[in-house]
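The briefing below is written for a reader who has the sequence and the coordinates at hand.

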Number of protein chains: 2
Amino acid sequence: MSKVDRRILKSQEAIKSAFVELMSEKNFDEITMQDIADRANVGRRTIYLHYTDKYDLLDKLTEEHINELSELCELAADMNYIDAELLWFNYFERHYLFFSTMLASKGALYFRSRFLEFVLEELKNEVNIKEGKNHGEDVTLQFFGAAIVGVVEWWFKNGKPYSPQVMAERVGSLLDRNL
Amino acid sequence: MSKVDRRILKSQEAIKSAFVELMSEKNFDEITMQDIADRANVGRRTIYLHYTDKYDLLDKLTEEHINELSELCELAADMNYIDAELLWFNYFERHYLFFSTMLASKGALYFRSRFLEFVLEELKNEVNIKEGKNHGEDVTLQFFGAAIVGVVEWWFKNGKPYSPQVMAERVGSLLDRNL
DNA sequence: ATCGATTTGTGCGCTAATGCACGAATCGTG
DNA sequence: CACGATTCGTGCATTAGCGCACAAATCGAT
C-alpha cells in the first residue's frame with residue numbers, strides 16, 4: 001500500500017484548484033504557468049514536477065473526473081436510469097466549479113469534446129446491452145450523447161435551476177423511454 | 001531584505017488557522033499537537049520546526065495580533081478616539097474568528113488577560129498625556145481597561161450587533177468624555 | 001521582418017517538510 | 001499504586017519544494 005507523500009497531494013491540489021479558478025476568469029490561452037503558480041502559491045518550478053505543461057494539467061484533470069464518473073457508471077450498472085443519473089448529478093453538483101467552468105470556457109473546447117466522447121462510450125455500452133435497437137446506431141448514439149452533454153451544460157449555465165434529484169428523474173426518464 | 005521562504009509561511013499559516021479553528025471546538029487543554037497537525041495537514045514533526053509547544057503557539061499568535069493592534073495605535077496617535085477605535089474595530093472584524101474564539105474560550109484565559117494587559121498599557125500612554133487627571137490613576141486604568149475589553153467581548157459574543165463604525169462612535173465618545 | 005518583452009522549460013544547490021522510531025512524560029482506569 | 005494507552009519531544013535520513021539563472025521560444029508592437 002503505497003502512501004502518497006502529503007506534500008505531493010497538497011501541491012497537486014493547490015495547482016488544480018488554482019487552474020480551475022483561473023479558467024473561470026480567463027481563456028485557457030491567456031493563462032500562464034506563472035499565473036497558476038501565483039494563484040496556487042507554489043513555485044513555478046514545482047508545477048513542472050507534477051505536470052508537463054498546462055495542456056497536461058487540463059488533460060489530467062479531465063481524466064480524473066471522467067474516471068470518477070466512469071466508476072459511478074460501474075456502480076450504477078444494476079440500477080435504473082434515474083438512480084444512475086442521480087449519482088452523476090450529485091457528482092456534478094459536488095464539483096460545480098470545475099464542470100461549470102470547463103463547460104463554459106471559451107478557450108478549452110477540449111473538455112467538452114472529451115466529455116462527449118466519454119458519454120458516447122458509456123451509451124455505447126448501454127445500447128449494446130439492449131439488443132434489437134440497432135437501427136442507425138451511430139445516429140442514435142450521437143443524438144443522445146449530444147442531448148446529455150447539452151442538458152448538463154444547460155443546467156450549469158443556468159445556475160442549476162433544478163435539484164440533482166429532479167434532473168436525474170427527468171433525464172433518467174427520457175433515457176428509459178428511448179433506449 | 002530577507003524574503004521568507006514560502007514553505008515556512010504556508011506551514012505557519014496552516015498551523016495557526018488550524019489552532020484557531022480547534023480552539024472554537026475544544027478547550028485548549030484538550031487540543032493535542034496531533035489534532036493541530038491533522039487539521040493543518042502538516043506533519044506533527046513540522047509543528048516543532050516553528051513552535052516549541054502549543055503554549056508557544058498560543059503566545060506567538062497572541063503577540064502577533066497585539067503587535068498589529070499596537071501599530072494601529074501608533075497610526076492613530078494623531079486621531080480622535082472615534083477614528084482610532086474604528087481602526088481597532090475594523091481589525092477585530094477582519095479577524096473575527098480569532099478574537100471571538102479566544103475571548104470565548106474556556107480554557108485559554110491567558111489571551112483575555114494578555115489583551116487586558118495590552119489595553120491597559122495603551123491607556124496608560126493616553127492618560128499620561130492628559131495631565132491633570134491623576135486622581136486615582138490605577139483605578140481609572142483598570143476601570144476603563146476592563147470596560148474596553150468587556151465591550152469587545154460582548155460585541156463578539158452577541159454576534160456583532162452593531163457595525164464597526166457604530167461601535168467606534170460609541171466607544172470613542174465614551175473615551176473622549178472620560179479621559 | 002525586427003526587436004524588446006514576456007513566457008517557457010530545465011538544471012541545480014539548498015532548504016523545509018516528511019514520516020518513522022523511540023524514550024520520556026502524562027493520562028486515565030482499575 | 002500499577003499499568004496500558006496516549007501524547008510529547010526529538011533525532012534522523014530522505015524527499016519534495018524553492019528560487020535562481022539561463023537559453024530557447026513565443027508574443028506583441030513597430
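In this predicted model, the surface near DNA strand C is made up, by class, of 5 nonpolar, 5 polar and 8 charged residues. The surface near DNA strand D divides into 5 nonpolar, 5 polar and 8 charged residues.

**Surfaces beside the DNA**

- DNA strand C is surrounded by 18 residues, and the closest of these are T32(A), M33(A), S11(B), R45(B) and T46(B).
- Two or more residues are given to the surface near DNA strand C by each of α1 (6–23), α2 (33–40) and α3 (44–50) of chain A, and likewise by α1 (6–23) and α3 (44–50) of chain B.
- DNA strand D is also surrounded by 18 residues, with S11(A), G43(A), T46(A), T32(B) and M33(B) as the closest.
- For the surface near DNA strand D, the elements that give two or more residues are α1 and α3 of chain A, together with α1, α2 (33–40) and α3 of chain B.

**Overall build of chain A**

- Chain A contains 9 helices and 0 strands, so that its pattern, read along the sequence, is α-α-α-α-α-α-α-α-α.
- The C-alpha trace of chain A spans about 55 × 40 × 30 Å along its principal axes, and of the 179 residues in this chain 23% are buried.
- Where contacts in chain A join residues at least 6 apart in sequence, 63% of them are between residues at least 24 apart.
- The chain is divided into domain 1 (1–51) and domain 2 (62–178), and the C-alpha centres of these two domains of chain A lie 27 Å apart.

**A helix pair in chain B**

- Two packed helices are described by the angle between their axes and by the distance between the axes.
- Helix α6 (residues 96–104) of chain B packs against helix α8 (residues 137–157) of chain B at an angle of about 110°, and their axes are 9 Å apart.
- Because an angle from 65 to 115 degrees counts as roughly perpendicular, α6(B) is described as roughly perpendicular to α8(B).
- On the side of α6(B) the contact is made by F99(B), S100(B), L103(B) and A104(B), while α8(B) contributes E153(B), F156(B) and K157(B).
- By class, this contact of α6(B) with α8(B) has 4 nonpolar, 1 polar and 2 charged residues.

**Loop residues**

- S163(A) lies in the loop between α8 (137–157) and α9 (164–178) of chain A, and S163(A) is partly exposed because 13 other C-beta atoms lie within 10 Å.
- Although S163(A) and L86(A) are 77 residues apart in sequence, their C-alpha atoms are 9.8 Å apart in space.
- N41(B), which is placed in the loop between α2 and α3 of chain B, has a positive phi of about 55° although N41(B) is not a glycine.
- With 15 C-beta neighbours inside 10 Å, N41(B) therefore counts as partly exposed.
- K160(B), in the loop between α8 and α9 (164–178) of chain B, has a phi near 55°, which is a positive value in a residue other than glycine.
- K160(B) has 15 other C-beta atoms within 10 Å, and so K160(B) is partly exposed.

Note on methods: Residues numbered from 1 in each chain as written. Chains lettered and ligands numbered in written order. Predicted model: local features only at pLDDT ≥ 70, side-chain atom pairs only at ≥ 80, totals over all residues. Axes fitted to C-alpha atoms, helices over the stretch in contact; angles between N-to-C directions. Helix = DSSP H or I, 4+ residues; strand = E, 2+ residues; numbered from the N terminus. Parallel < 35°, antiparallel > 145°, perpendicular 65-115°, else oblique. Contact = placed C-beta atoms within 7 Å. Nonpolar A, V, L, I, M, F, W, Y, C, P; charged D, E, K, R; others polar. Buried ≥ 20, exposed ≤ 12 C-beta atoms within 10 Å, placed from the backbone. Domains from an automatic or database assignment. Near = placed C-beta within 6 Å.
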